[in-house]
Amino acid sequence: MEDVEHFGLGTPQPDPVDSIKIVWVSGKSQLLKSVKTNQVITIHEKDAQPGHATKISSTPLFREGHTNFNLHYKHRERDFVDFLQGQILLPHKHSQGGPGITVGDVNSDKLEDFIVGGSASNPAKIFLQQKDGTFKNDSLQAKEAEDMGLLLFDADQDGDEDLYCVSGSSEFKNIVENYQDRLYRNIGNGKFQYDSTALPKITGSGSCVVANDFDQDGDLDLFVGGRIVPQRYPESPQSYLLINDGTGKFENATDKFSQGLSKVGMVSAALWSDINSDGWSDLSCWRMDAHHILYQRRWKIFHNRDTT
């Protein structure tokens with residue numbers, strides 16, 4: 001990050017600037033007059049004068065308040081060294097990308113709750129908001145997979161929030177069963193039940209999931225972004241378009257709607273929006289492609305077309 005402050009002066013641009021006043025944290029200040037524009041100025045506190053300004057308060061703007069809200073949570077990761085798995089030139093670990101978080105009213109009490117994903121072998125944590133603003137802590141079932149992207153949405157159109165968990169990380173190497181995503185159905189009162197039949201086979205190590213009724217049939221469909229192929233970085237992983245049948249069961253229809261989307265790249269975020277204002281939702285994927293250790297960041301945009 002560049003440590004230079006830039007000040008735009010608009011049009012018409014005054015030249016010279018009438019004055020610049022600098023107030024240091026110590027309370028010292030200095031005043032520069034008739035300053036020419038289009039230049040870099042270096043200011044030194046030793047040139048400032050004492051007593052010309054009130055000392056800036058060191059009282060923090062925020063304070064730690066998790067105990068006041070009964071928010072007790074510590075994310076834990078088991079030690080896994082990605083660099084010792086045959087790719088010593090990785091730019092960073094891919095086994096510690098989480099945890100994801102999602103917000104929604106999971107127990108239908110009109111208060112926002114949230115869920116924090118769990119690392120490998122650790123369950124996701126559910127925080128249920130109470131009327132006094134505090135939270136009660138609960139957990140999902142234990143699992144081996146590592147949670148990355150989480151999404152609360154009404155998968156089966158029954159009026160409550162179901163939970164989609166994207167399985168990611170690299171610590172399972174090529175054991176594809178541990179990269180299978182999971183859908184948990186809301187069974188009431190903030191409780192979730194894993195539905196092993198809701199999703200098709202998913203073998204990619206993923207990053208994110210976003211919902212949208214992109215086929216306009218009245219239910220929410222999904223895009224799941226693939227993050228990496230473990231031990232084969234930077235090979236393009238598998239991404240998925242999942243079509244909802246209306247009951248919360250999903251089919252992999254990626255090639256039906258966009259053959260290029262399944263190998264769009266190493267996706268870290270995605271967004272549905274109607275970019276060209278044609279009434280159909282388009283998909284933007286934020287991906288990170290590596291050439292040796294150089295990153296290229298770019299948006300890949302897929303325009304939706306009415307395939308019917």
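Start with the surface of the whole protein. It exposes about 17,900 Å², an accessible area from the Shrake-Rupley method with a 1.4 Å probe, where for residues only the protein chains shown count as cover. Carbon and sulfur atoms supply 52% of that area.

This is a predicted model: local features need pLDDT of at least 70, side-chain atom pairs count only at pLDDT 80 or more, and totals for chains, interfaces and linings use all residues. Residues are numbered from 1 along each chain as its sequence is written, and side-chain values use heavy atoms, without hydrogens and water.

Next, keep everything selected. The C-alpha atoms fill a box of roughly 70 × 50 × 45 Å along the principal axes. Of the 308 residues, 42% count as buried (under 20% relative accessible area, 1.4 Å probe, protein chains only).

Switch to cartoon view. You will find 1 helix and 17 strands. These are DSSP runs, numbered from the N terminus: helices are H or I with at least four residues, strands are E with at least two.

Now select β7 (146-153) and β10 (191-195). They belong to an open antiparallel sheet of 4 strands, in the order β7-β8-β9-β10. Strands pair if DSSP finds at least two bridges between them. β7 and β10 stand at the edges with a single partner strand each, so one side of each has no neighbour in the sheet.

Where does Phe 153 find its bridge partner in β8? Click Asp 162: that is the partner.

Key:
Buried means under 20% relative accessible area, exposed over 50%, partly exposed in between (1.4 Å probe, protein chains only).
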